[in-house]
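Let us read this model feature by feature. Have the sequence and the structure open.

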Amino acid sequence: MSARITRQSSSASSSASKSSLANLPSRSNSEFSLQPLSETLPSLHPPTTPRSTHSTSSASTSLRHHSTPVRSSHALSVSTSEASATSTASRLQEDLKGRQFVSRELLAFFVESRTEEEKRVLDGISWDGELGKESTMLEIGRAVSRAVEGEEGDARIVSSGGSNMPIRPTEPDRYERDNPPDVVILTRDSASEPKIRAEWYKPSSATEGRHYEQLAAVGEVKHGRSARLHSDAKSQIRRRLLRIAVTPIRTHTFGFTLVNSTLVISLLTASGLFFTPDIECTLENKVFTLFLIRLLGLSELQLGIVASNRSPPLDLSTPLHLPALSLPPSSFPLSFIGTNPLDKSSLEIIQLITRRSTATGRCTSTFRVKVGTGFNSKEYALSVVFVEQNRLEEHDLIRRTIAAASPSEREGLSNVVDVCRGEFMVGVPFLRLEELEEAIPRALELTFYEECYRSIYEVDSTLALAKAILGLVKGHHNLYKLGFLHRDISDGNAMLDRAGNGVLIDYNLSVSVNSTTSESVRKHRSGTRPFLSRALLDVEETGGVTHEIWHDFESMVYLIFSVAFRKNPTSSSLSAMSHNADAHWTSWNSRRARDAFKDKTILKLRGYSVGLVKACQPGWDRLDELVDVIRDHCGFRRLLIESASPAEEDRELVELVRDGTVSHDTLTTSLSEFIETL
């Protein structure tokens with residue numbers, strides 16, 4: 001039977017709806033610190049409800065070592081074929097291992113302790129269809145939306161209608177196209193745009209206009225007797241939540257599955273995936289209707305949308321306008337060098353430069369931003385990341401040290417002019433989950449750099465690429481002379497300044513080379529997975545390797561290939577990788593360290609260029625010579641024995657560094673001499 005919604009038409013019902021609306025959370029985007037929802041929905045968390053949040057799987061020691069995460073790189077990955085939903089689900093399952101938690105707080109927040117206003121609204125909504133069917137859910141949702149937001153609320157909840165029409169990825173080179181969720185809730189900005197609404201109401205037409213940036217929340221609705229319905233819905237909602245979480249700028253995202261009459265509510269934050277126990281929904285208990293009332297009543301900020309845009313970028317060069325930005329307070333005083341926090345009352349994010357993420361939504365993005373108006377405006381680079389409190393003092397010390405250095409002392413390094421950092425938490429401002437032992441509290445951090453940088457993928461020749469690498473070596477050297485080792489050379493941290501020189505940003509994994517704790521921290525593998533040196537990949541065999549300068553030099557070799565695999569120097573845009581390049585990149589990005597180790601070992605062979613260099617885009621003249629310059633300063637050094645293990649290579653390199661044969665200075669000289677020949 002199809003769903004039927006009956007609405008009370010009495011004046012009492014009408015006034016009750018308005019009263020309910022007044023007691024739902026504020027939709028203001030003007031503040032970062034949100035008013036707790038428990039204050040706007042009285043008695044939402046009854047005192048008798050115990051705090052009983054627990055992990056579904058214990059985190060291993062390696063996953064819980066907070067200071068040195070190994071990150072995958074999907075930011076600019078281009079494949080010749082789309083990854084299957086099964087492989088995506090497997091990757092998510094692995095990334096979320098130890099970070100999935102059953103949450104009583106989430107259950108209490110959405111479906112327990114009804115207010116009198118909510119009871120009156122619930123009395124005005126009834127149905128007699130079958131739960132688990134999209135038509136029933138859609139009708140209930142639209143009735144709730146009208147009760148919460150008025151007649152205009154109709155536009156926010158959309159069913160895909162079984163359409164296989166894909167949603168365009170955030171960028172054409174990021175993720176595969178994805179079939180739409182069963183049900184989506186549009187952001188208020190998107191729902192107010194007729195063109196965007198029209199795109200979502202076209203279930204039978206092919207369109208390029210659907211984007212995850214337009215969504216506030218998602219749902220998977222299933223009906224039937226198949227034993228796989230629950231597992232399929234669970235897998236699908238994880239993928240959807242990740243897609244939303246990596247859109248700029250999200251602190252968290254909500255979703256739900258409704259399989260027949262069983263509801264599960266999910267929350268993805270930078271700390272992990274939280275979900276409720278199974279919730280039985282019936283016409284009589286009206287639990288599903290109550291859940292939708294509270295979900296639709298959340299403001300954009302409460303839905304995790306710090307900044308939103310109505311026209312998402314179609315590629316990395318398209319301006320990205322985010323008008324609804326709301327920032328946490330500045331937390332990085334630089335008054336000791338005469339610098340005050342930026343006046344961010346007028347802030348416009350005008351272009352996305354880079355983005356990468358993990359499956360728990362810990363998205364790292366870099367933007368070009370403009371602060372101020374008219375002649376007083378100035379452009380900066382802005383990085384957005386979710387940071388841990390562990391070792392945060394050292395990270396701030398690095399920034400202050402760089403800021404206090406002279407311009408020549410910080411050549412090749414990005415100078416921080418302001419930092420905005422939110423509160424450390426596991427949940428969200430209005431839903432506290434701090435008692436979890438396994439979940440790592442994180443804070444949203446926005447860092448402003450004094451110059452707006454460009455992506456390293458904008459290089460257009462071997463000369464430009466060599467110049468960029470030389471700048472990175474100088475920056476790495478200057479950071480080392482200031483007392484710190486970078487430890488995360490990757491395409492997300494290597495940028496170009498206005499003159500095309502390489503610049504290092506993001507010091508979140510950097511460590512002091514002189515502190516008493518440095519040695520133990522440096523023995524933990526850190527960095528971005530496809531750029532890790534072979535010695536760091538071999539730690540399972542060696543029992544731990546101290547991160548040294550030549551390991552970062554080796555990362556620059558993989559950075560060169562990362563650019564050359566994707567970028568034809570004569571083109572202004574990225575290209576799909578060749579079959580061979582894709583095979584190498586997949587191995588380097590593999591979660592199985594031995595697979596990456598074996599594939600990278602071919603760089604020790606004299607004939608490595610036959611495979612790797614030929615797998616690059618055409619137009620990179622003398623690229624093998626540039627690679628050889630770096631190879632001579634790391635474990636690929638031609639004078640080392642090809643059969644030597646990484647541990648043996650490291651012992652030899654220690655001596656070569658000690659006698660000055662391998663150093664920042666020798667690498668700088670070799671690169672400069674090579675550049676002179678181009």
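Q: Is Arg622 buried, partly exposed or exposed?

A: First the scale: buried means under 20% relative accessible area, exposed over 50%, and partly exposed in between, with a 1.4 Å probe and protein chains only. Arg622 is partly exposed, with a relative accessible area of 30%. Arg622 has a positive phi of about 60° although it is not a glycine. Its place is the loop between α19 (593-600) and α20 (623-631). Helices (H or I, at least four residues) and strands (E, at least two) are DSSP runs, numbered from the N terminus.

Q: What should I know about the model and its numbering?

A: This is a predicted model: local features need pLDDT of at least 70, side-chain atom pairs count only at pLDDT 80 or more, and totals for chains, interfaces and linings use all residues. Residues are numbered from 1 along each chain as its sequence is written, and side-chain values use heavy atoms, with hydrogens and water left out.

Q: Is Lys286 buried or exposed?

A: Lys286 is buried, with a relative accessible area of 15%. Lys286 is not a glycine, yet has a positive phi of about 55°. Look for Lys286 in the loop between β10 (279-280) and α11 (287-296).

Q: Which way do the residues of β7 point?

A: In a regular strand the side chains alternate between the two faces of the sheet. In β7, His252, Phe254, Phe256 and Leu258 point one way. Thr253, Gly255, Thr257 and Val259 point the other way. Strand β7 (residues 252-259) is mostly covered: eight of its eight residues are buried.

Q: In what sense does β7 pair with β6, and in what sense with β8?

A: Strands of a sheet pair through backbone hydrogen bonds, either parallel or antiparallel. Two strands count as paired if DSSP finds at least two bridges between them. Strand β6 (residues 215-222) pairs with β7 in the parallel sense, over six bridges. Ala217 has Phe254 in β7 as its bridge partner. With strand β8 (residues 262-269), β7 pairs in the antiparallel sense over eight bridges. There, Phe256 has Ile265 in β8 as its bridge partner. The hairpin of β7 and β8 has two residues between the strands, and Asn260 takes a positive phi near 55°.

Q: What is the strand order in the open sheet of three strands?

A: The order is β16-β18-β19, with antiparallel pairing. The edge strands, β16 (454-455) and β19 (502-504), each pair on one side only. Two bridges join β16 to β18 (residues 494-496). Ser455 stands opposite Met495 in β18.
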